[in-house]
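Please look at the sequence and the model together before reading on.

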Amino acid sequence: MPLSTQLEAGEEQYVLIASLDNARNLSNILKAIQFKDHATFLATSNGIKVTVEDSKCLQANAFIQAEIFQEFSIQEDSVMFRVNLAVLLDCLTIFGGSAVPGVTTALKMCYNGYGYPLTLFLEEGGVVTVCKINTQEPEETLDFDFCSTNVINKVILQSDSLREAFSELDMTSEVLQITMSPDKPYFRLSTFGNSGSAHCDYPKDSDMMEVFQCTQTQTNRYKMSLLKPSTKALSLSCKVSIRTDNRGFLSLQYMVRNDDGQICFIEYFCCPDEEVGEQEQ
Amino acid sequence: MRCVVATSNVKVLGKAVHSLSRIGDELYFEPLSSGLALRCVNSSRSAYGCFLFTPLFFQHYDSGAPPGGLEDSGFRCKMGMKSVQTVFKSLSSLDKTVEKCEIDLNPGGNRLVFQLHCKYGITKTHNLSFQESESLQPVFQKDGYANVLRAQPRLLADTVVHFPPSLEEVNVTVSGERVQFRNHLEDEQDASKMMLTEMSLDADEFESFQVREETGITFCLKELRGLLSFAESSGLPLSMYFDQPGRPVVFGLDDPVLEVNFVLATLSDEETTTHRERNRSRPPQADTSHDDFLSDDMDSYMIAMETSAVGGAEAQPCSTGSDQRRERESDTAACSTRSDHRREREPVTAACSSGSKQQRGRESESEEEEEEELPGTPPQKRFRSLFFGSVLSPYSQGANQTLRNQEVLAEASDSDPEEQEEETAKK
């Protein structure tokens, strides 16, 4: 008697099939956006986009292009479902989370469409595991309406330096204030905690600064609790782009190199905590 | 006031802060003409540490004193230890990324600015709030000690590593030829159930072994560990000055640019000590701190003001933990103590309140409430008897604390004066 409450399907009926020789190429990226239990999967011919949201103020997206997969076939224009991300990650790492050199877990992910579970075939060292994860109604994801034409300030930094700054941030501060300006201090991260204020300044000609395109002085504050999850993505990435638009919305884009040297992207969108027009002291 | 520390010394400064953090929650910062003094004392005043960085340590040193070299600037303050530790958070990367550290008083005079100039042009600025404070001046004379041992810190560190990290106190006994380290057992602990560790070191393992009095002392190891880790990284020989039990033990490191002294109280042989004795050995200090003071009145509970700028929750832990039922004599870190045991409580609180009103309005309110309390009402949680241990904070960490002559301690979870008023009214 099948334990699954959802329908079974044969191979020929799969709407989406995606295979990876190394499941870590998927699980590592997904771990970086796992700050909530549920994620929305959207698959198109371009690849898979996984979205996680928090309190309508924060959205994280992980993009895994079709080229990353060893096999990628999709029968419809777009396939969307919601799944428990924690469970999915547990399955992807079912053979153990730690990386043993030379040993990889192979993955074949199959989905038959609405009402069917997400089926994972995982193999390592000749041992095969089949996981069926129930899918849920996809919820509409927020559209932050963040388009490049509205971007006022943009910097691209090497992740190493930002990683250190983030790890030293004063966590007693409720907000992280980001100041971007064509004049000094150029790019500044500020916290206001119990012991006083702290600032971390990056000059525009720093070696760590790959791109500096700031047209206007902007200071925006974001809740520290919302930005904290992004540090996981930061630790995986090699470069990060930080952009703010005319509304003060923040877009963080992380370039991640996976085990095989291929590039994937993780994106975080965050609403500002309050409108701050002029630069504060 | 402005100091600039160059690359490799930034790590030394950071390590000094971290080693002082093992003693207490507040860092006393005083730029003197002889150098920058960073000091810390624990809540029960039984441990004191001081790092004095001479002007040579700095790339640039200006204590803010008027020219002439006769006076000091008079600026001294204290800050939350955690705040300063945040500045030097990642010790391991300090020497790799930080090129320069500048410490200034901001133009407004209300923030101490620590600015780290790092690689790639990155600048990290920390504007720390502080409280003006009185000077923390212990009284001790290294010359007057009968026994002086000097060794490479590695020797002591290797000895201490054999004791469990949880060990509070260690007993050191010295004879003409050797010195023994033993873990100290509490009276109520059953020796047959405890693990006893004993280490012996010969005189020839020391660089200098001068023993004029064969004696044994017991002091708290925990606070010393901070100094040991600093000493090991600096490679400077560590000196230990001590004689009879009850007299504090002094650990020192000497270097042309840096002078480090840690003064730890030792257990006295006598079961009971009179305040008079203690006071005699602790000459009155000219400065009385508004914030912390010791009342030596045997019959009344002592009031120790909490001075943390951060919040009441940090206030209480008896950091040395185990000195509950034993009277621990401490001539040491007798910083700003009122030595006259005959002083009543009221004047003390008055002195306290007047000084601190602007700093901590809420706390001084509750002090005034204290004055109105009838004698005999159980003290509120923040009152602590330093050398009796009869009043304990519910937040203390030591496991073996007993309450003596205690009724219900006011369980104020925060320093809300209204709450406390209610609670004391209930009794």
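## Basis of the model

This is a predicted model, in which local features need pLDDT of at least 70 and side-chain atom pairs count only at pLDDT 80 or more, while totals for chains, interfaces and linings use all residues. Residues are numbered from 1 along each chain as its sequence is written, chains are lettered from A and ligands numbered from 1 in the order in which they are written, and side-chain values use heavy atoms, with hydrogens and water left out.

## Where chain A meets chain B

Chain A gives 18 residues to the contact and chain B gives 16 residues, where contact means heavy atoms within 4.5 Å. Between them the two chains bury about 1500 Å², with 48% of it on carbon and sulfur atoms; buried area is the accessible area (1.4 Å probe) that two parts lose on being put together, summed over both.

Between chain A and chain B there are 2 salt bridges, a salt bridge being a side-chain nitrogen of Lys or Arg within 4 Å of a carboxyl oxygen of Asp or Glu. One joins B:Lys124 to A:Glu164, with 2.7 Å from N to O. On the side of chain A that touches chain B, helix H3 (159-167) and strand S13 (196-202) of chain A each supply at least two residues, and the largest share, 7 residues, comes from S13(A). Helices (H or I, at least four residues) and strands (E, at least two) are DSSP runs, numbered from the N terminus.

S13(A) also pairs with strand S9 (residues 123-129) of chain B, in the antiparallel sense and over 6 bridges; two strands pair if DSSP finds at least two bridges between them. Within this pairing, A:His199 has B:Thr125 in S9(B) as its bridge partner.

## Salt bridges between and within chains

B:Lys124 also meets A:Glu168 in a salt bridge, with 3.3 Å from N to O. A:Glu168 lies in the loop between H3 and strand S11 (175-180) of chain A, and B:Lys124 lies in strand S9 of chain B, so the pair joins two chains. A:Glu168 is buried at 13% relative accessibility, and B:Lys124 is buried with a relative accessible area of 8%; buried means under 20% relative accessible area, exposed over 50%, and partly exposed in between (1.4 Å probe, protein chains only).

Over all chains, a search of the whole structure finds 23 salt bridges. Among them is the one between A:Arg24 and A:Asp259, at 3.1 Å from N to O. A:Arg24 lies in helix H1 (residues 24-31) of chain A and A:Asp259 in the loop between strand S17 (250-257) and strand S18 (263-270) of chain A, so this pair ties together parts that are 235 residues apart in sequence. A:Arg24 is buried, at 19%, whereas A:Asp259 is partly exposed, at 44%.

In chain B, the closest N and O atoms of the salt bridge between B:Glu102 and B:Lys100 are 3.6 Å apart. Salt bridges that share partners join B:Arg2, B:Lys100, B:Glu102 and B:Asp104 into one network.

## A sheet in chain B

Strands of a sheet pair through backbone hydrogen bonds, either parallel or antiparallel. Chain B has an open sheet of 10 strands in the order S10-S6-S2-S3-S4-S19-S18-S17-S11-S15, with antiparallel pairing. Its edge strands are strand S10 (131-132) and strand S15 (208-211) of chain B, each of which pairs on one side only.

Strand S11 (residues 147-151) of chain B is joined to S15(B) by 4 bridges, and the two run antiparallel. Here B:Asn147 stands opposite B:Val211 in S15(B).
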